[in-house]
Amino acid sequence: MSDNHDHEHAPRWKHDGVRVIKGDQLDPNTAQTPGMHREAAINAARVGAQKIWAGTVSIQPNAKTGVHHHGALESVIYVVRGHARMRWGDALEFTAGAGPGDFIYV
């Protein structure tokens with residue numbers, strides 16, 4: 001038996017199954033809203049993600065994003081400090097609040 005590993009025929013996940021995106025390698029080339037600064041870590045363009053976006057968003061006090069849809073993507077938001085109010089629904093009739101240490105799943 002040979003100790004030579006045949007990397008050409010190994011399943012792709014064995015070499016590409018884990019990606020680490022360093023905090024100083026985030027990409028600001030993503031949709032921006034006045035009062036908010038977004039930087040992507042995980043998205044289709046960076047790592048080939050198909051159903052999730054992950055990154056950082058710094059939000060100035062009282063900033064608001066316009067009504068939008070995340071499409072088929074799932075997002076998780078972790079609140080580091082401050083408070084967030086999410087609104088959704090056909091007429092934005094539903095609301096939820098979150099504070100430091102809370103996770104929001106969209």
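Guide: Two strands count as paired if DSSP finds at least two bridges between them. The model discussed here is a predicted one.

Visitor: How many bridges join β2 to β3?

Guide: Tryptophan 53 has serine 75 of β3 as its bridge partner. Isoleucine 52 is likewise bridged to a residue of β3, glutamate 74. The strands β2 and β3 run parallel, and the number of bridges that join them is two.

Visitor: In which sense do β3 and β6 pair, parallel or antiparallel?

Guide: Isoleucine 77 has a bridge partner in β6, namely isoleucine 104. Three bridges connect β3 with β6, and the sense of this pairing is antiparallel.

Visitor: Which residue of β2 is the bridge partner of methionine 36?

Guide: The strands β1 and β2 run antiparallel and are joined by six bridges. In β2, the partner of methionine 36 is isoleucine 59.

Visitor: Which element gives the most to the lining of the largest pocket?

Guide: The largest pocket has a volume of about 2000 Å³. Two or more residues of its lining come from each of β1, β2, β3, β4 and β6. With seven residues, the element that gives the most to this lining is β2.

Visitor: How many residues of the lining of the largest pocket are nonpolar?

Guide: The lining of the largest pocket consists of 45 residues, and Met36, Ile59, Thr65, Ile77 and Met86 lie nearest the centre of the pocket. Of the lining residues, five are charged, 17 are polar, and the number that are nonpolar is 23.

Visitor: How many charged residues are in the lining of the second largest pocket?

Guide: The second largest pocket holds about 180 Å³ of space. Its lining is made of Arg12, Asp16, Gly17, Arg19 and Val47. One of these residues is nonpolar and one is polar, while the number that are charged is three.

Visitor: Does threonine 33 count as buried or exposed, and where is its place?

Guide: Threonine 33 belongs to the loop between α1 (13-16) and β1. Its relative accessibility is 15%. The cut-off for a buried residue is under 20%, so threonine 33, at 15%, counts as buried.

Visitor: With which side chain does the side chain of threonine 33 make a polar contact?

Guide: With neighbours within four places in sequence left aside, threonine 33 is in contact with Arg38, Lys64 and Thr65. The polar contact of the threonine 33 side chain has a distance of 2.9 Å, and its partner is the side chain of arginine 38.

Visitor: At what distance does the side chain of asparagine 43 reach the backbone nitrogen of arginine 46?

Guide: Asparagine 43 is placed in the loop between β1 and α2 (44-47), and at 12% relative accessibility asparagine 43 counts as buried. Residues up to four places away in sequence are not counted in the list of those that asparagine 43 touches, which is Gly48, Ala49, Ile52 and Trp53. The side chain of asparagine 43 reaches the backbone nitrogen of arginine 46 at 2.8 Å.

Visitor: Does phenylalanine 103 count as buried or exposed?

Guide: Phenylalanine 103 lies in strand β6. Beyond its neighbours within four places in sequence, phenylalanine 103 is in contact with Val76, Ile77 and Tyr78. A residue is exposed if its relative accessible area is over 50%, and therefore phenylalanine 103, at 60%, counts as exposed.

Visitor: What distance separates the C-alpha atoms of phenylalanine 103 and leucine 26?

Guide: Along the chain, phenylalanine 103 and leucine 26 are 77 residues apart. In the predicted model, the separation of their C-alpha atoms is 21 Å.

Visitor: What is the phi of asparagine 62?

Guide: Asparagine 62 is located in the loop between β2 (52-59) and β3 (74-78). Because its relative accessibility is 70%, asparagine 62 counts as exposed. Asparagine 62 is a residue other than glycine, yet its phi is positive, near 65°.

How values were computed. Residues are numbered from 1 along each chain as its sequence is written. This is a predicted model: local features need pLDDT of at least 70, side-chain atom pairs count only at pLDDT 80 or more; totals for chains, interfaces and linings use all residues. Side-chain values use heavy atoms; hydrogens and water are left out. Helices (H or I, at least four residues) and strands (E, at least two) are DSSP runs, numbered from the N terminus. Buried means under 20% relative accessible area, exposed over 50%, partly exposed in between (1.4 Å probe, protein chains only). On a 1 Å grid over the protein atoms alone, a cavity is a set of points where a 1.4 Å probe fits but cannot get out, and a pocket is an open set with protein on both sides within 12 Å along at least five of seven lines; lining residues have an atom within 4 Å of a point. Grid points are joined across faces, edges and corners, and a volume is the space filled by probe spheres set on the points. Ala, Val, Leu, Ile, Met, Phe, Trp, Tyr, Cys and Pro count as nonpolar, Asp, Glu, Lys and Arg as charged, and the others, Gly among them, as polar. A polar contact is a pair of N or O atoms within 3.5 Å; within protein, one must be able to donate a hydrogen and the other to accept it, and residues adjacent in sequence count only if both atoms are side-chain atoms. Contact means heavy atoms within 4.5 Å.
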